[in-house]
Structures are given as C-alpha cells and as structure tokens.
Amino acid sequence: MPHRRPPFLLTTAAALGIASPPASAALPLVAAGLPDVGQVALIVLAFAAALAVGAALAIGLLAKRASGLQALLDQRDEELARANRCIADDAVARSASEQRIHHIAQHDVLTGLPSRSLLQDRLGLAISDSERSGHPLWVMLIDLDRFKYVNDSMGHKAGDVLLMTIAARLRSAINDNDTVARLSGDEFVVIMSQQGGQRLGPMLVQQLMDSVAQPVLLGTKEYSVTCSIGVAVFPSAGALADSLIEHADIAMYSAKKLGRNNFQFYTPAMNDEAQERVRIESALRKALERDEFVLHYQPQVDLASGKIIGMEALIRWQHPELGMVPPMRFISVAEDTGLIVPIGAWVMRTACLQNRAWHDAGLGPLRVAVNLSARQFASSDLLDNISAVLDESGLDPHCLEIELTESLFMSDVTLAVELLHNMKALGVNLSIDDFGTGYSSLSYLSRFPIDVLKIDRSFVTNITRDANDAALVASIINLAHNLKLAVIAEGVETEEQLDYLRRHGCDEMQGYYISRPLPADQFERFLRQHNHVADDPVLLIAGTD
C-alpha cells in the first residue's frame, strides 16, 4: 500500500506555497520505516512557519498592548506634569500671598511706608550701627499742624491725598539708608544716621519742614500744611535707646506749644512738662461734667462815650486740686485732644445765656465776644450750633461777636469766605483777633465779611516807645476805617497808650487800664458802677480792679 503524507503536512505546505512532491515519488526511507528528508524538511519548515506566525501574532498583540500602555503612561505623565505645574503655581501664589501679607503687616496700606512694627526693627538696627560706628543717630517725630481741618473741611479723600503726598516728599528728602515711617494718623517718624561727609544738623530738620510746607493740590485747590517736629538724639544724656520715639514725641509737643511750624530737640527738662500735660489732659476730660469751668469777662469800652459797650468772655478752670488754672496751661491740650470743641460750645452757650440775663436786668444792650478755636471753625455743625445757642438763649444775634484768629482761614481762603458769609447771615458780628501778628491777611481782608479788627497787645504795648509799632497801629486804624470796620485795641495798660489810641481814632479798647477779666458777679457790679459815672468815665475809674 503506498505511503500517504500526513494531511497536516499537505495543508501546511499548501498554506506556505510549498510544492508537494508527487505522490508517486520514491520514498527511500520509507522502507526503513522513517520519513524521508523532504518530509522532515516540510515538518520542520511547517513548525517554523507556525512558530513565526504565532510569534508575529504574539508580538503584534504585545505591541498593541505596549502601545496602549504607552499611551496610558503618556496620559499619566501629562496628568502628573499638570499636577506638578499646579503645585508649583500654588506654591508661587502662596509664597507671593505670604509676602504680601508680610508686607501689609509691616507697611502702612495708604502710604506704603514702614509701619510701627517695621519701624522698631529699623530703629534697632540703626542704634546698633550707631553704637558700632560711633556716629550719632537722630529720631524725628513729625506731626502735621491742623490736619484735622483738612479732613473736616475737604473730606477724608483729600486728607488721604495729602498724607500720601507728604509721605512721598519725606521719602525723597532723606537718604536711601535712612527710614521714614508712618506712626499713626498724621504722625511720621524719620530715622536719620550720619553718613559719609554729611553731618546731622538743624538745617536738615528745616529742609524736612520746608518740604512738607510746599503747596499740595487737593482737587482744584492748593493747600499748604505746616508741621511740628521733635528730635531725639542718640547717644546723648537722657536719650535711652528704648525711649527715643517717646522723647521725640515730647519734643514735638514742645514745638507745638511754641506756636506750631517749629522744631525742638529733646531735653530731660521736657519730661516734667510732659508729665504736666498728661496730668492736665486726664483732669480736663472730667472738667466739663464736674462743672469746673467758669467764665470771666473783660470790659470793652467805647472811647468816644467812655461807656462799657461789650465784654470778652474768657474761660478759667477752677480745679479742686490745681486751683485756678490759666488758659495757657490747658487750651493747647484741649485743642490737640479735640476737647476744645465741647469746651468751646460750653463757653458760647454760657456767655450768651449770661449776656441775655444782663439784658433782662436792664444792663444792656451789651455785645459779648467769644473766641472760636480752629477745631470749632472746622466743625461741620458749627452753624447749627451757633443758631441753636441763639435760639436757646434768646439773645439778639447782633449782641454776639465771634472772634477768629487769622490762622483759621489762611489755609483755604475760598472755603473760609463762604463759611464766614454763612455765619454773618445768622446776624452775628465777626472780628479778627490778634490782627497783624502774621499771615498775609491784607490781601484777603476785603473779601471777609468782618465787622471788627482787634489790634494785638504786642503792638499796643510799645506804641509810646517804638515808632514802628506806633506807625503800625495808626496804619491798622486807618485801614480798618477805610474798609468800614471798627477797631478794638487789646492790652491797654497806661494812660499814654490810651491817649495815643484816642488821638488816632481807635474806636474801642480793653485792658488792665480799665479792668482785668472779672467773674460774672464782679463784672455786673463794675458794669453798674461804670456806666453811671458822668463826664469822663474812662479816666475816672482807670486802674480799678
């Protein structure tokens, strides 16, 4: 029987395109019971082909799976990269946020200057440098004069603009290694070290003051603000490192007492004054509620008739421990703390009620003069308060005279003119007190609805001894009369002064030559006596207490 090839060989050979040997071909090895060489080759080739196909399929499957895995890995890598970028961005943002928070914590938000905490760090470093180098260190406390007037009259936005402008000026006026910080409100601190060939001296303080005083444009108006500066020097006697700012503050208040727009260097003696100020301020806050204030009245005499036609109301403080406290000891404290506003309102109300009582007693009509402080002048409810006092007292508005110093309205003349006209519309009289002591008021005087000029006592004192003062007083009288204003001379103490004023046409006077300020009951007795004296009342009662 002929030998048959296994079917799978045929199938495999056919699949691979291998020609099969003829069936009739001799198979030499068959007789030996073994496959022939061709069959072996076919078998081997078939297995190899099968393995190749399987390997190719496996490799293809593996490649497909590998490709999918790579895509997944690429996707994961991208996700990881995005996550890393987010983490990095968050870290940068967090770092920037922390830096902003740190900056805000140590810098003033409005001006960008160092605040109190950073100021202390800078001061500590400056003191260490001073101790190491032996060069002096100055700490200056700068307080803007009458800054509250800007906020009250022009608004807080204008006040913020002013503060930012002053901050920039101070920063530009010092060296890069020095420090200017905003302490609080309108107070700044400058730390200045001696560097190189530049020596610290008063001229540097004056340069800071001049820089601050340059006009500032607020809206459509120019405004000038002055400052008071206290200086503490390190090292020096009494100037401890941890109290430099406190000492500079004490010196600054000393500068304000000299009339503002000034600077003072700290001395140990100022501590006593500072303690006095603290004591006065503490007691002053309770004085109104304890009814410790009283008014004294100084008569104003008409030089033509010799009659008392009015009086100036002057506040006194009757303290249970300090005794009678004169105004010079507490008015500046009241002004700085804002207590002058309720105190001033009390003065106006009490004076108007007292004047109305004298009118009702048949001693009028008299005109009572009341001083208006800078804080009151800047108050938004000033007109309402004046109107309310007149309504409550029933006093004729023409019997109330409000005294204003030139400094109240020199900073913003336009606003002052409007306010003065509104005050005048209430029917009150207006006078300028201490006329001639400063400021370029002559150029504005014709714009103010003023009734009276008061010549300052400093000019009256020397009119019989100083030709310049005498000429100035005569000029003020002529100027006032040309502007249809009355003139009152303050501080008249001698008959010679009185004669000079009469000869030059002064309208009224007040001073110790007639009487010192008197309590209400004594003034009433003096009034009754004086206005019933015939002939020449002024000369007959001259020198009476």
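Predicted model: local features only at pLDDT ≥ 70, side-chain atom pairs only at ≥ 80, totals over all residues.
The side chain of S458 is joined to that of D456 by a polar contact of 2.4 Å. A further residue, G491, is 33 residues away from S458 along the chain, yet the C-alpha atoms of the two are separated by 7.9 Å.

S393 is located in helix α12, which covers residues 382-393. Two backbone oxygens lie by polar atoms of its side chain: that of V389 at 2.9 Å and that of L390 at 3.5 Å. When residues up to four places away in sequence are left out of the count, S393 touches C352, L353 and R356.

The largest nonpolar core comprises 118 residues. Within this core, the residues that touch the most other members are I229, F377, L400, I402 and M423. Helix α10 (residues 340-360) contributes the largest share of the core, with 8 residues. Apart from this core lies another, made up of 17 residues that include L119, A126, I245 and M252. With residues up to four places away in sequence not counted, I229 touches M140, L141 and I142, together with V205, L208 and M209. The contacts of I229 also include A251, M252 and A255, as well as N262, F263 and Q264.

Attention was then turned to the open space in the model. The second largest pocket holds about 420 Å³ of space, and 20 residues form its lining. Nearest the centre of this pocket lie Y253, E273, A274, E276 and R277. Three helices, α7 (244-257), α8 (270-287) and α9 (327-337), each provide at least two of the lining residues. Of the contributions to this lining, that of α8 is the greatest, at 10 residues. Sorted by class, the lining of the second largest pocket consists of 8 nonpolar, 8 charged and 4 polar residues.

Definitions and conventions
Residues numbered from 1 in each chain as written. Heavy atoms only, no water. 1 Å grid on protein atoms, 1.4 Å probe; cavity = no way out; pocket = protein on both sides within 12 Å on 5 of 7 lines; lining within 4 Å. Points joined across faces, edges and corners; volume = space filled by probe spheres on them. Helix = DSSP H or I, 4+ residues; strand = E, 2+ residues; numbered from the N terminus. Nonpolar A, V, L, I, M, F, W, Y, C, P; charged D, E, K, R; others polar. Polar contact = N/O pair within 3.5 Å; in protein donor to acceptor, adjacent residues only side chain to side chain. Core = buried A, V, L, I, M, F, W, Y, C linked by side-chain atoms within 4.5 Å. Buried < 20%, exposed > 50% of the residue type's maximum accessible area, 1.4 Å probe, protein only. Contact = heavy atoms within 4.5 Å.
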